[in-house]
Amino acid sequence: MKAIAVHPGQPNTMHLRDDVEKPRVEDIPDGRGVLVKVLRVGVDGTDKEINAAEYGDAPEGFEYLITGHESLGRVEQVGPDVPSHIQPGSIVVATVRRPGTSVYDSIGLQDMTTDDVYFERGINKRHGYLCEYYVEDHQYIVVLPPCLSETGVLLEPLTVAEKAINQAFEIQRRLKVWQPRRAAVLGSGTVGLLTTLALRLRGIEVTCISLRPAPYLNSDLIEEIGATYVSTQEKSVAEAAAEHGPFDIVVEATGFSPLVWEGAQVLAKNGVLVLVSVTGGERQVEIPSDAINQGFVLGNKVMVGSVNASPDDFARGRDDLVKAYAFYPGWLEKLLTTPVRGLESHEQMLRELTENTDAIKVFVEVARATEDAGERTNGAAAAVGA
């Protein structure tokens, strides 16, 4: 079996392997196995950083790590104790993080683990999905309707937004009647666009604040779903807030940590600032610490970090993808800007990630789905709430 892999700890070692043993349903004990043929795998900065040896580790007993954590596949075979809603032919996505040893892991909240060592497919100590087949325990498999047989590859990055928004609402249950009206999303990359989508599907007015001046594809996509786009080359975050805020929710998704503090200053009373960017480095900035502290204390404001996603976030994301398919036809497809044909094209994949500044979502097309348009349409309505 072919796969794209790296030698963790050694920079620029991404390569094609053709000697990987094809997995079997029996590899998962107790009849719980699901064998999946990989159709598409989204790639992002995480894959680029793993190739640069910034982090990542191989599974025990291996000197290489198969990369790729944004999966989309079709079930080929199931074990005898797999639930009946997972069947050969089902279009599926697999979750990413696997349980460790903390109490949170034991109750299915491995995204909240307190372990120092974590297990993530395609990232750390578990092989990923940039391969022809994978096998997984059915509890980590999310079934999609046929209407998402191409755009379902967006589910994993969407779960970043789903968890961020859900955490904001969970925290604000303390207020009993919290009804956010306005939100700001800092950043218009893949996660920023999908966060804007998820907030709009909840009826919230959204201002997406990013660097590049409009018009370009990302700003057009923001406007298409009824949100507002603002370039920081034309207005500051504070000026955008004066015009469109203050914001009950701010989601920081730029990867540029100084913007966290600008986001903190435009948060409304009883607001929540959610941080989803992973920012390795040693950047330092001066901030108006007294003003930020006083604003948070007197305004009952919250700042919270959010990483990875729970199974419930995947379920919410699936339902939001179906809603987007229905309410904003063709919008999801426009995010899939940069296909790479075949596992053999891993060098092109890295070039697109590194050099293509217009790419929204780079993805490797490992195999083709076979569902026709009629099947996709018929499956849309049944999926909401499944």
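**Exercise 1.** Does Lys2 count as buried, partly exposed or exposed, and what is its relative accessibility? Then find its salt-bridge partner.

*Solution.* Keep in mind that this is a predicted model.
- Start with the cut-offs: buried is under 20% and exposed is over 50%.
- Lys2 has 32% relative accessibility, so it counts as partly exposed.
- Its salt-bridge partner is Glu344, with the closest N and O atoms 2.7 Å apart.
- That pair links distant parts of the chain: Lys2 sits in the segment before β1 (3-6), Glu344 in the loop between β18 (338-341) and α11 (346-355), 342 residues apart.
- Glu344 is partly exposed too, at 44%.

**Exercise 2.** Work out whether the two partners of the Glu365–Arg40 salt bridge are buried or exposed.

*Solution.*
- The closest N and O atoms of Glu365 and Arg40 are 2.9 Å apart.
- Glu365 belongs to strand β19 (residues 362-365) and Arg40 to strand β3 (residues 33-43), 325 residues apart.
- Glu365 has a relative accessible area of 9%, so call it buried.
- Arg40 comes in at 8%, so it's buried as well.
- Now widen the view: shared partners join Arg40, Glu150, Arg341, Glu365 and Arg368 into one network of salt bridges.

**Exercise 3.** Explain why the Arg202–Asp320 pair ties together separate parts of the chain.

*Solution.*
- Check the contact: the closest N and O atoms of Arg202 and Asp320 are 2.9 Å apart.
- Place the residues: Arg202 lies in the loop between α4 (190-201) and β13 (205-210), and Asp320 in helix α9 (residues 311-327), so the pair ties together parts 118 residues apart in sequence.
- Look at accessibility: Arg202 is partly exposed at 32%, while Asp320 is buried at 4%.

Notes
Residues are numbered from 1 along each chain as its sequence is written. This is a predicted model: local features need pLDDT of at least 70, side-chain atom pairs count only at pLDDT 80 or more; totals for chains, interfaces and linings use all residues. Side-chain values use heavy atoms; hydrogens and water are left out. A salt bridge is a side-chain nitrogen of Lys or Arg within 4 Å of a carboxyl oxygen of Asp or Glu. Helices (H or I, at least four residues) and strands (E, at least two) are DSSP runs, numbered from the N terminus. Buried means under 20% relative accessible area, exposed over 50%, partly exposed in between (1.4 Å probe, protein chains only).
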